[in-house]
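Thanks for coming, everyone. Let me put the structure up, and then we will walk through it.

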Amino acid sequence: MMPGTGRRWRRRLATLMLRLTEARAPAGRFGRWRELEQSQWWSSEQLERLVETRLAALLRHAADTVEFYAEQFCAAGINVAAVRRVEDLGGLPILERRQVREHFAALTSRAVPEADRRLNATGGSTGEPLRLWQDAQRDDLNMADRYRTRRWAGWDFGEPSLTLWGAPTDFVGRRGLKTWMKGLVLGSERTLSAWDLGDDRLLEYARILERHRPVLVSGYVSALYLFARFLSRRGIIVRGVRGVISGAEVLFPHQREIIESVFRAPLLNRYATREAGGIAHECDHRAGMHVNIENILIEVVEAGRPCAVGTVGDLLVTTLNNRAMPLIRYRIGDRGMLLGRACPCGRGLPLMQVAEGRISDHLQAPSGRRVVGTLFPHLFKDYGAILLGQAVQERPDRVRVDLVLEAGANIEQLAGLQADLERVLAPDFSVKLRQVPDLVSTSTGKHRFVIPYEGSEGATP
Ligand SMILES: [Zn+2]
């Protein structure tokens with residue numbers, strides 16, 4: 001067989017399977033993806049009308065079925081039927097992260113049965129865990145947006161991809177007919193752990209990259225950057241990658257430059273959070289990030305007042321399609337701005353920019369092994385007692401984890417976390433947990449979940 005013939009057949013088969021799945025479940029993720037492929041080209045006026053329709057339905061749903069909002073709207077004398085336009089949203093209160101923690105039950109809609117919702121825990125950009133309910137519609141639309149943005153990066157259904165992400169070991173999913181069929185549509189997806197990036201591991205990943213021949217590579221910014229630097233140092237030439245998608249952390253210009261030159265493909269940055277899913281994503285023009293406006297409404301405020309276009313402020317998100325636990329004007333903890341200009345690509349999705357987004361560093365062991373900082377919030381999120389956490393590399397081979405705990409909780413209850421950390425960090429680091437009353441923030445007020453050993457290369461410039 002000629003090289004590439006197998007791939008062409010796989011593409012055709014994927015298209016066929018995709019059409020069959022869409023026809024069977026038009027409201028499922030693939031049907032939703034088809035809708036998003038259309039609506040991204042609508043005019044901004046058309047999109048605004050769609051958002052307003054969805055917003056009106058969401059506010060009605062919140063007032064009727066979510067105790068927290070019903071009480072709030074009533075106490076403030078707000079008639080949600082009068083909120084017709086996005087600008088009218090300013091009259092509603094802002095939802096803080098702390099309130100989501102404190103009013104978890106009251107924020108849950110009684111109209112969505114427990115069987116139809118799924119619990120999602122977030123480590124958050126600040127290392128402060130949070131639990132949320134999500135429903136199937138939200139998940140489908142989030143995946144649909146994922147497919148749309150992957151296609152912006154040059155990937156298509158049926159094609160192989162590779163991800164450097166938070167998985168403890170090389171991830172092998174469940175096997176079975178359903179998984180096999182999904183694999184046909186989505187193409188073979190290989191996930192490699194971003195928590196172990198020593199040279200031996202990176203060499204192994206380079207071999208996998210060569211064998212797997214992904215058209216799309218995605219991952220944490222710091223993991224992609226470390227991988228790219230390794231490939232460049234070893235003189236390994238990457239072939240066949242059409243696009244790279246980075247996320248979860250601040251992308252510095254020097255990182256973009258190195259990643260793009262090593263993978264020989266454009267890098268599209270993604271802004272997503274566990275609470276809201278995909279929020280915004282660059283297209284190949286990279287003139288800003290396109291807001292996933294069919295799902296997420298973005299506002300920018302400073303001291304409670306709306307910011308002018310082009311001015312940085314706190315980002316508020318309203319999730320338009322999660323009926324299980326709607327987030328309305330939720331302060332996500334990042335700063336950014338709306339750009340108010342059109343993108344040369346012609347898509348009507350508004351453009352935004354994240355300002356001081358995610359801050360993440362990595363630990364570097366004397367052995368050369370590197371561990372990205374996102375490991376810590378990922379593990380913290382499984383322990384409800386942890387309010388805030390930070391890993392401090394006290395010595396090249398020793399990590400101290402400072403934890404702010406809920407009232408009444410103590411460090412002895414976290415033996416599971418201690419064991420998890422030891423398992424992941426051994427043999428390069430010893431680990432010690434310590435309870436502290438509070439943690440020191442960065443000069444920007446943003447919490448860092450990793451403080452690398454001074455002078456090590458783990459510190460972000
Ligand atoms: Zn664009």
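Which residue stands opposite Val301 in β11? It is Pro306. Before I go on, two ground rules. This is a predicted model, where local features need pLDDT of at least 70, side-chain atom pairs count only at pLDDT 80 or more, and totals for chains, interfaces and linings use all residues. Residues are numbered from 1 along each chain as its sequence is written.

Helices (H or I, at least four residues) and strands (E, at least two) are DSSP runs, numbered from the N terminus. Two strands pair if DSSP finds at least two bridges between them. A residue is buried if 20 or more other C-beta atoms lie within 10 Å of its own, exposed if 12 or fewer, and partly exposed in between, with C-beta atoms placed from the backbone.

Now the overall picture. The protein chain has 12 helices and 20 strands. Its radius of gyration, taken over C-alpha atoms, is 22 Å. Along the principal axes, the C-alpha atoms fill a box of roughly 65 × 60 × 45 Å.

Back to β10, residues 296–302. Five of its seven residues are buried, so the strand is largely enclosed by the rest of the structure. β10 runs antiparallel to β12, residues 313–319, and six bridges join them. Within that pairing, Ile298 has Val317 as its bridge partner. β10 also runs antiparallel to β11, with two bridges. The hairpin of β10 and β11 has two residues between the strands, and Ala303 there takes a positive phi near 50°.

β11 covers residues 305–306, and Arg305 lies in it. Is Arg305 buried or exposed? Exposed, because it has 8 C-beta neighbours inside 10 Å. Arg305 and Gly90 are 215 residues apart in sequence, yet 7.7 Å apart in space, C-alpha to C-alpha.

Next, Gly243 in strand β6, residues 243–247. Gly243 counts as buried because it has 23 C-beta neighbours inside 10 Å. Two residues are in contact if their C-beta atoms, placed from the backbone, lie within 7 Å. Leaving aside neighbours within four places in sequence, the contacts of Gly243 include Trp155, Leu216 and Pro266.

On to a helix pair. Axes are lines fitted to C-alpha atoms, for helices over the stretch in contact, and angles run from 0 to 180 degrees between N-to-C directions. The axes of α9 (residues 221–233) and α10 (residues 253–263) come within 9 Å and cross at roughly 50°. They are therefore oblique to each other; angles under 35 degrees count as roughly parallel, over 145 as roughly antiparallel, 65 to 115 as roughly perpendicular and the rest as oblique. Contact residues include Leu224 and Tyr225 of α9, and Ile258 and Phe263 of α10.

Last stop, a four-stranded open sheet. The order is β19-β18-β17-β20, and the pairing is mixed. β19 (430–435) and β20 (450–451) are the edge strands, each pairing on one side only. β17 (residues 386–395) and β18 (residues 398–405) pair in the antiparallel sense over eight bridges. Arg395 stands opposite Arg398 in β18. Helix α12, residues 415–425, lies across β18 and β19, running at about 150° to β19.

Definitions and conventions
Rg over C-alpha atoms; globule rule 2.2 N^0.38 Å.
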